[in-house]
Amino acid sequence: MTEQEIYTELVAKFGDKIIEFVEEETLNPTVIVRSNDVASVCRYLKGTESLQFDSLMNLAGHDPDGESDLSVVYHLHSTELDHYITLKVFTDRSDASVESVANIFRTADWHEREAWDLYGIKFKGHPDLKRILLEEDWEGHPLKKDYVAAEFYRGMRIAKVK
């Protein structure tokens, strides 16, 4: 099944919860989904016989410019039917929050923790959302483009990267 056919099926099922299909200027044609509906779309993609997306290959946060909304990108694969789809959701950078898909795809557990740790995106319903790469007392989320690094951490000067 092509990405366009998958998009068409999602629009038929979810209507205006599916915002857009982007295929120009990208290697991975992408379905843009409302952030509050990504879990129900993922559940459908995994559980529907004609789709069988059983693998979340990657989930990543993204901050395009330090001012716009943050986004989360999901790369899904059906190992049985060998087709792919990329989903993307946007969330307000001042209170970044997206539904967790950790109860649908087990691999999302650590990916969502990484997106929380590095971008500050909260995943509603995640079973154990805590930092995964940085120490618990680290302040801020260093891959947000408006992040300002502290001068000291635990009394030690932090080297500035030029």
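## Confidence in the model

The model is a predicted one, and across the chain the pLDDT averages 95, with 99% of the residues scoring at least 70. Confidence is lowest in strand 8, which covers residues 152-153 and has a mean of 88, and it is highest in helix 2, residues 38-47, where the value is 98.

## Overall layout

The chain holds 3 helices and 9 strands, and when these are read along the sequence they follow the pattern α-β-β-α-β-β-β-β-α-β-β-β. Taken along the principal axes, the C-alpha atoms fill a box of roughly 55 × 30 × 25 Å.

## How helix 1 meets helix 2

Helix 1, made of residues 3-14, packs with helix 2 at an angle of about 120°, and the axes of the two helices are 12 Å apart. Because angles of 65 to 115 degrees count as roughly perpendicular and those over 145 as roughly antiparallel, this pair is described as oblique. The crossing of the two helices is right-handed.

On the side of helix 1, the contact is made by Ile6, Glu9, Leu10, Lys13 and Phe14, while helix 2 contributes Ser40, Val41, Tyr44 and Leu45. Sorted by class, the residues in this contact of helix 1 with helix 2 are 6 nonpolar, 1 polar and 2 charged.

## Aromatic pairs

A pair of aromatic rings is described by the distance of the centres and the angle of the planes. In this model the count comes to 3 aromatic pairs, and one of them is formed by Phe14 and Tyr44, whose rings are 5.5 Å apart centre to centre, with 85° between the planes. Planes over 60 degrees apart count as edge-to-face, and the pair of Phe14 and Tyr44 is accordingly given that description. Since Phe14 lies in helix 1 and Tyr44 in helix 2, the pair ties together parts that are 30 residues apart in sequence.

## Positive phi values in two loops

Most residues other than glycine have a negative phi. Gln52, however, has a positive phi, near 50°, and this residue is found in the loop between helix 2 and strand 3, the latter being residues 55-62.

Asp82 also has a positive phi, near 55°, and it is found in the loop that lies between strand 4, residues 70-78, and strand 5, residues 83-91.

Key: Residues are numbered from 1 along each chain as its sequence is written. This is a predicted model: local features need pLDDT of at least 70, side-chain atom pairs count only at pLDDT 80 or more; totals for chains, interfaces and linings use all residues. Side-chain values use heavy atoms; hydrogens and water are left out. pLDDT is the predictor's confidence in each residue, from 0 to 100. Helices (H or I, at least four residues) and strands (E, at least two) are DSSP runs, numbered from the N terminus. Axes are lines fitted to C-alpha atoms, for helices over the stretch in contact, and angles run from 0 to 180 degrees between N-to-C directions. Angles under 35 degrees count as roughly parallel, over 145 as roughly antiparallel, 65 to 115 as roughly perpendicular and the rest as oblique. A crossing is left-handed if the near helix is turned anticlockwise from the far one by less than a right angle, and right-handed if clockwise. Contact means heavy atoms within 4.5 Å. Ala, Val, Leu, Ile, Met, Phe, Trp, Tyr, Cys and Pro count as nonpolar, Asp, Glu, Lys and Arg as charged, and the others, Gly among them, as polar. Rings of Phe, Tyr and Trp (its six-membered ring) pair if their centres lie within 6.5 Å; planes under 30 degrees apart count as stacked, over 60 as edge-to-face and the rest as tilted.
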